[in-house]
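Welcome, and please open your viewer. We will walk through a model together, one selection at a time.

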Amino acid sequence: MITESVAAHSRILAQDSRFPAYIYDLDALAEHAGGIRSSLSSPGAPEIFYAAKANPDPAFLRTVAPFVHGFEVASGGELEHVLAAVPGVRIAFGGPGKTDAELRTALELRVERFHVESPHELKRLADLSRSIGGADILLRVNLAGDRSGVALAMTGPFGMDPDLIEACHGILASAPWIRLRGIHAHLASGLDAAAMLRQGEEILAWARPWLAAAGVAEPEINLGGGMAVDYSAPDSRFDWQAYGEGVAKLARTGETLRIEPGRAVAVYAGWYVTDVLDVKRAHGEWYAVLRGGTMQIRTPVTKGHDHPFTILPNSNEGQPSVENQPVTFVGQLCTPKDVFARSVPVERIGVGDVVAFSMSGAYAWNISHHDFLMHPKPGFHYLSTASAR
Ligand SMILES: *Cc1c(COP(=O)(O)O)cnc(C)c1O
């Protein structure tokens, strides 16, 4: 359901059709992030690094910062961006295909942890860091396991298979200035708390003996992100309380556990709000054509889902409208793929009505191809009662 503050701001924007717009509810974000942190505050609970790629908006980063232990970045660009927004914050640097230039920048900026994705990357990091005091690393492992039922299995070139990771021993032995701190694993996205805990156990069962054999004292194990978000149930939430209690039970003294969620932190705080330009019937189907499109919120296209929304009626007498029909919501792009939601039953929709898409705070604006068709960019509006944000 739409919150009162987002609805009120949408009505203000509707007065002179200042759409499309992203409304970022920073108060809601702070409350949600604070709730996550307090669910993960018992002894043995994991540290939280927010995965900046989910939404790197500076206001988002600053709002989340007080409730997390650090940020996970996946490129040199994200690294510099996050440090500019939240100076001095703890950073873990992951991602496949890191260039020498990115590694150099990360070393200069004193990144706290490198998540190393291959033996070749480890060699290059060893060479680049030799004269400047080395680097602290986690080796990223890619365990085979059964990932059926997850939203996104991280199959492919992410991290190292357990047999490939063995090739790191020799490199580490010849580069004692590289400090092996532990293991990193981000295996899948879209897991509920119980599945996330089972996956955590799987990672720990592999990582603990491996790290013990490698002689790593006080090891760190990063269990990744991927906490589930259910777009078909906008009011449901990942069970952070159960997850926190479960991880605390798995934890052993002397080791540090860490997670790096993105979507489940950011998604609920963003709204893409726009208005209806046209309503019409084509080949027996009803369409509402909205200002903007999936070039500004690519999420429904990449996920292949109906994006959840609320209709805020506007005065539109005498304008095209439809009642009690399934309606397909499309944007302004000249492609049949520009669909927000398909054949969703609505009570009534008409030209000028406002449509507010919830769950638009993660992998929405920043993954979209903004310049396709050169429509005006959305406005960005931040709801916040805290002036510091
Ligand atoms: C994208 C990513 C995350 C965050 O995943 P979410 O599904 O947004 O929680 C965490 N770690 C790594 C390595 C990633 O690539």
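The tour below goes from the domains to a helix, then to a barrel and a few paired strands.

**Before you start**

This is a predicted model, in which local features need pLDDT of at least 70 and side-chain atom pairs count only at pLDDT 80 or more, while totals for chains, interfaces and linings use all residues. Residues are numbered from 1 along each chain as its sequence is written, and side-chain values use heavy atoms, with hydrogens and water left out.

**Stop 1: the domains**

Colour residues 4–23 together with 268–383 as domain 1, and residues 90–261 as domain 2. These bounds come from an automatic or database domain assignment. The C-alpha centres of domain 1 and domain 2 are 38 Å apart. Their contact takes 9 residues from domain 1 and 7 residues from domain 2; contact means heavy atoms within 4.5 Å.

**Stop 2: helix α1**

Select residues 4–15, which form helix α1. Helices (H or I, at least four residues) and strands (E, at least two) are DSSP runs, numbered from the N terminus. The 12 residues of α1 reach 17 Å from the first C-alpha to the last, close to the 16 Å expected at 1.5 Å a residue; that expected span is 1.5 Å times one less than the number of residues.

Which residues of α1 are buried? They are V6, A7, H9, S10, L13 and A14. They lie on the same side of α1 because they cover an arc of only 165 degrees around the axis, the arc being that of the directions from the helix axis to the C-beta atoms. Buried means under 20% relative accessible area, exposed over 50%, and partly exposed in between (1.4 Å probe, protein chains only).

Now show β1 (21–25), β12 (270–282), β14 (309–312), β17 (354–357) and β18 (379–383): the buried residues of α1 pack against these strands. On the face turned away from the buried side, look for the exposed residues E4 and Q15. After the helix comes S17, with a positive phi near 45 degrees.

**Stop 3: the barrel**

How many strands close into the barrel? There are 8, in the order β2-β3-β4-β5-β6-β8-β10-β11, and the pairing is parallel. Two strands pair if DSSP finds at least two bridges between them.

Select β2 (residues 47–51) and β3 (residues 70–73), which run parallel and are joined by 3 bridges. Here Y50 stands opposite F71 in β3. Then move to β10 (residues 220–222), which pairs with β11 in the parallel sense over 3 bridges. The bridge partner of E220 in β11 is T256.

**Stop 4: β13, β15 and β16**

Show β13 (residues 285–290) and β15 (residues 321–330), a parallel pair with 4 bridges. Y287 has T328 in β15 as its bridge partner. On to β15 and β16, which pair in the antiparallel sense over 8 bridges; E323 is partnered with R348 in β16.

**Stop 5: G350**

Finish at G350 in strand β16 (residues 339–350). Is G350 buried or exposed? With a relative accessible area of 0%, G350 is buried. Leaving aside neighbours within four places in sequence, G350 is in contact with V276, V279, N316, P320 and S321.
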